[in-house]
Amino acid sequence: FFFFSRLIARHSTQMNPHFIFNAFNSILFMLLKEERTKTIHQLQLLSKLMRETLNNSENEWIILSDEVNYLRRYLEFEQVKFQHALSFDVQLPADSSEILIPPMLIQPLLENSIKHARLHALEHPVIALKIDHDNTQLNVVVEDNGCGFQPSESAVMQNGHAISMICSRLNLIWEMAG
């Protein structure tokens, strides 16, 4: 059981192939527009994201503050899709460098905001990440100022790969913890 749960968790922490495909297409578009500096910057960011994703996939747990730094790089990479600057507001507990979480647990939620909230159409797009905890649980809230949706009616919630993977990973963690 432990082997399979570790295998599932490991694979779910790797980059989504659609993200990689879209990233290369964006970079190709910049090359075609002869935006050399922007292209180099995006390639460097993608390289860092891929390296960090692969490194983190070897770990069952990473430090929360490290995960938030990864999220900042991810959003910096995604910024190219936006006409206006995307704000990333983060509220962390003071002990965020001591809290461990599974890698790539929060990133799919940010990706859903980018994909489904139509933030690119806003003049002041914002994604907020609020994390706090008590003695028994970590509370993670991702909010954006996009178009919104009703979770009970949304295909994102009903058919979303990211949401189902997060739920599966959390269920495995809870089962293993007893």
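Student: Is E143 buried, partly exposed or exposed?
Tutor: In this predicted model, E143 counts as partly exposed, at 38% relative accessibility.

Student: And which residue does E143 form a salt bridge with?
Tutor: That's K130, with the closest N and O atoms 2.9 Å apart. The pair links distant parts of the chain: E143 sits in strand β5 and K130 in strand β4, 13 residues apart. K130 is partly exposed too, with a relative accessible area of 32%.

Student: OK, what order do the strands have in that open sheet?
Tutor: The order is β2-β4-β5, 3 strands with mixed pairing. β2 (87-91) and β5 (138-144) stand at the edges with a single partner strand each, so one side of each has no neighbour in the sheet. From one strand to the next, the twist averages 10°.

Student: In which sense do β2 and β4 pair?
Tutor: Parallel, over 5 bridges. S87, for one, stands opposite V126 in β4.

Student: Switching to salt bridges, how many are there in the whole structure?
Tutor: A search finds 4. Among them is E78 with K81, at 2.8 Å from N to O. E78 counts as buried at 2% relative accessibility, while K81 is partly exposed at 43%.

Student: Which residues of α4 are buried?
Tutor: The list includes E78, along with L64, V68, Y70, L71 and F77.

Student: Last one: which residues make the nonpolar surface patch?
Tutor: L28, L31 and L32, covering about 320 Å². L31 is found in helix α2 (residues 17-32).

Terms used:
Residues are numbered from 1 along each chain as its sequence is written. This is a predicted model: local features need pLDDT of at least 70, side-chain atom pairs count only at pLDDT 80 or more; totals for chains, interfaces and linings use all residues. Side-chain values use heavy atoms; hydrogens and water are left out. Patches are made of residues with over 30% relative accessible area and no salt bridge: like charges are joined within 9 Å, nonpolar side chains (Val, Leu, Ile, Met, Phe, Trp, Tyr) within 5 Å. Accessible areas come from the Shrake-Rupley method with a 1.4 Å probe; for residues, only the protein chains shown count as cover. A salt bridge is a side-chain nitrogen of Lys or Arg within 4 Å of a carboxyl oxygen of Asp or Glu. Helices (H or I, at least four residues) and strands (E, at least two) are DSSP runs, numbered from the N terminus. Buried means under 20% relative accessible area, exposed over 50%, partly exposed in between (1.4 Å probe, protein chains only). Two strands pair if DSSP finds at least two bridges between them. Axes are lines fitted to C-alpha atoms, for helices over the stretch in contact, and angles run from 0 to 180 degrees between N-to-C directions.
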